[in-house]
Amino acid sequence: MDVKFEIIKKDVLGRVGHLKTKHGIIETPMILPVINPNNIVIPPEDMKNIGAEAIITNSYIIYSNQRLRDRAREEGLHRMLNFDRPIMTDSGSFQLSVYGDINVDNMEILQFQNEIGSDICVPLDIPTKPNERYDEAEKDVTITINRLREISNIKHIFKDNIIVAPIQGSTYRDLRRKNAIEASKLDFDLYAIGAIVPLLEEYRYDDIVDVVIASKLNIPLNKPVHLFGAGHPMGFAIFVLMGCDLFDSASYILYAMDKRYLTVNGTYKLSNLRYFQCNCPVCSKYTPEEVRGLENEDIVRLLAIHNLYESFTEIKRIKQSIMDGRLWELVQIRCASHPKLLNGLRRLVKYSNNLERYDVSSKSAFFYGGAESNRRTEVIRYRKKLRNMPIKMTPALITTIPSIEDIKDYKSVYYLKPPFGPYPLELSETYPLNFESPEILDKEMVRTALLNLIVFLNNDKNKGKDVTFEYDKRYRDPLIKKIKKMVDVRLINEI
Ligand SMILES: [Zn+2]
C-alpha cells in the first residue's frame, strides 16, 4: 500500500494531517487510547463516540497469552477488539523496559502484528532510561538501528501496514540525532520517539523538549511522528508545536484507577474535587460527590470516560489553533498553567532560531502572552529581516508614539513597538506587524524591541544615516545609552 501522510495545514512544526491506513484515515494530531486486551474498561466501540479515530493495543500481551493469541490469529485484531478503524500495536518494548526481559524477538513480534492485521506495527526497540550511562545508551541505539535495518530488508512483506521506526537514545541529544538520521535513511512511514515516560513522570518537560527537538529535526518533515506514552492532555499542545502528530494514552485509565481527574491545566484528585469543570456526559450528569459514592468499578469507568473527553477536546482545540495559525498562543496558555511546563516552553524558545526556518505558514495574528513571546519564531524572523532592511528616505524618525506634528518634519517614519521593534508605519496592518501587545510594557519586551532597533540601525545599509529616535519613559533601559552613540535620541513625555 502506498502509505501517504498528507499535510493539510502547518503552524511552527505542528500540523493537521491525514495519515492513510488500510482501515481508514487518521486525522492528526490524534491520540490513540491504549486498550489492554486483558482488561477492557471502555469497549473500543464506545471509544469511537468519545472521539477515538484509532486505538493502540499491545501485541506482546496478546502474543504471550495463548487464548488471546489463538483468537487474534483466528478472528484478526479488528474483530477481536470489535473496532473497525485503525489499530496500532505496540511490540513489548515497554514490558522490556519494566521487566528487563521478554520472550520474543524482533521479527517474530513484527510478523505476529502483521498476521493479526495490525494497521501500524512497532518493532522491538530498546527503550533506554533517562540519564543512562552513555556507552549503554549508545549500545541500545545500535541495536535499535540494526533491527530497523533488518526490517527494511523485508519491508515488502508488510506492504499493507505502516511500520514504525522508533527513535531512542536516552537523554543524549547526539544519540537521538544519530538514531533519527539512520532510521530516516531506511525510509519508514512513521517515526516514533520513545522512552520519554520516565521524563513525563518526573515532569521533566525541559529534557523532553531537548529529546523531541533532537529527534524531530532529523526526521524527514513530510513523515508523521508519534510520541510514545505522552497521554496527559496538558502536554499535547507543546508536543504538537514541536511536530509530534500522534500520541497514545494509557493515562486516561491509569489516572482513573488512581481516582484522578485529568484537565489541560493539571490533575485533580477526585477526593479533593467539589466541582467538575467540564461538560462531558459524565461531568454534566454527576457531581464529584455522587461519583465518590459509586462502586469502585464505576468510579474508574466514569473518570476514564471524562479523561478521554478532556483529551479529545484538547486535540480539537489544538487542530483549530493550527488552522488559525494560533498554536504558539495556545502553547503559552497551557505552559503558564504549570511551572514545569513553563520550563519546557523556556527550553523550547531557545531553539527558536532553528524552528524559525520551518515556521513558514501564513498566519493572521500575533498576541503577546508574556516573556516567552519575545523568543517566538515570528520575532526571530523579523530580527533577521531587520539585518537587511534599508531606511530609504532620510531624515527618518523612529518613534514610540507617532504624532502628526512630528511626522511632517521627516521623509520616513517608523514606529517602534515591543516586541518586534521598528517598522514602517505603512506596514502596521500586515502580518506579523499587526500584532497585539499590551500598552503596559514589561522589561523583556522593551529590551527585545530595543535590541531589534540596534540591529536595524547597525545594518550596513543604515549605518551613519540621519535618524532620530524618540521614546517615552516606558522605554527607559540601559540600551538607550548604546543607541545614543548611534543616532539622535530624545525623550518625549506624553505618557
Ligand atoms: Zn468531563
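Strand β1 (residues 5-11) pairs with β2 through 6 bridges, and the two run antiparallel. This comes from a predicted model.

On to the next strand along. A hairpin of 2 residues carries β2 over to β3. Strand β3 (residues 24-28) is antiparallel to β2, with 5 bridges joining the pair. Here Lys20 is the residue found opposite Ile25 in β3. How buried is strand β2? Of its 8 residues (14-21), 6 are buried, that is, under 20% relative accessible area, so β2 is largely enclosed by the rest of the structure.

Now for a pair of helices. The axes of helix α7 (residues 134-152) and helix α8 (residues 173-185) come within 10 Å and cross at roughly 10°. With angles under 35 degrees counting as roughly parallel, α7 and α8 therefore fall in that class. On the α7 side, the contact involves Tyr134, Ala137, Glu138, Val141, Thr142, Thr144, Ile145, Leu148 and Arg149. Their counterparts in α8 are Asp174, Leu175, Lys178, Asn179, Glu182 and Ala183. Sorted by class, the contact of α7 with α8 has 7 nonpolar, 5 charged and 3 polar residues.

Notes:
Residues are numbered from 1 along each chain as its sequence is written. This is a predicted model: local features need pLDDT of at least 70, side-chain atom pairs count only at pLDDT 80 or more; totals for chains, interfaces and linings use all residues. Side-chain values use heavy atoms; hydrogens and water are left out. Buried means under 20% relative accessible area, exposed over 50%, partly exposed in between (1.4 Å probe, protein chains only). Helices (H or I, at least four residues) and strands (E, at least two) are DSSP runs, numbered from the N terminus. Two strands pair if DSSP finds at least two bridges between them. Axes are lines fitted to C-alpha atoms, for helices over the stretch in contact, and angles run from 0 to 180 degrees between N-to-C directions. Angles under 35 degrees count as roughly parallel, over 145 as roughly antiparallel, 65 to 115 as roughly perpendicular and the rest as oblique. Contact means heavy atoms within 4.5 Å. Ala, Val, Leu, Ile, Met, Phe, Trp, Tyr, Cys and Pro count as nonpolar, Asp, Glu, Lys and Arg as charged, and the others, Gly among them, as polar.
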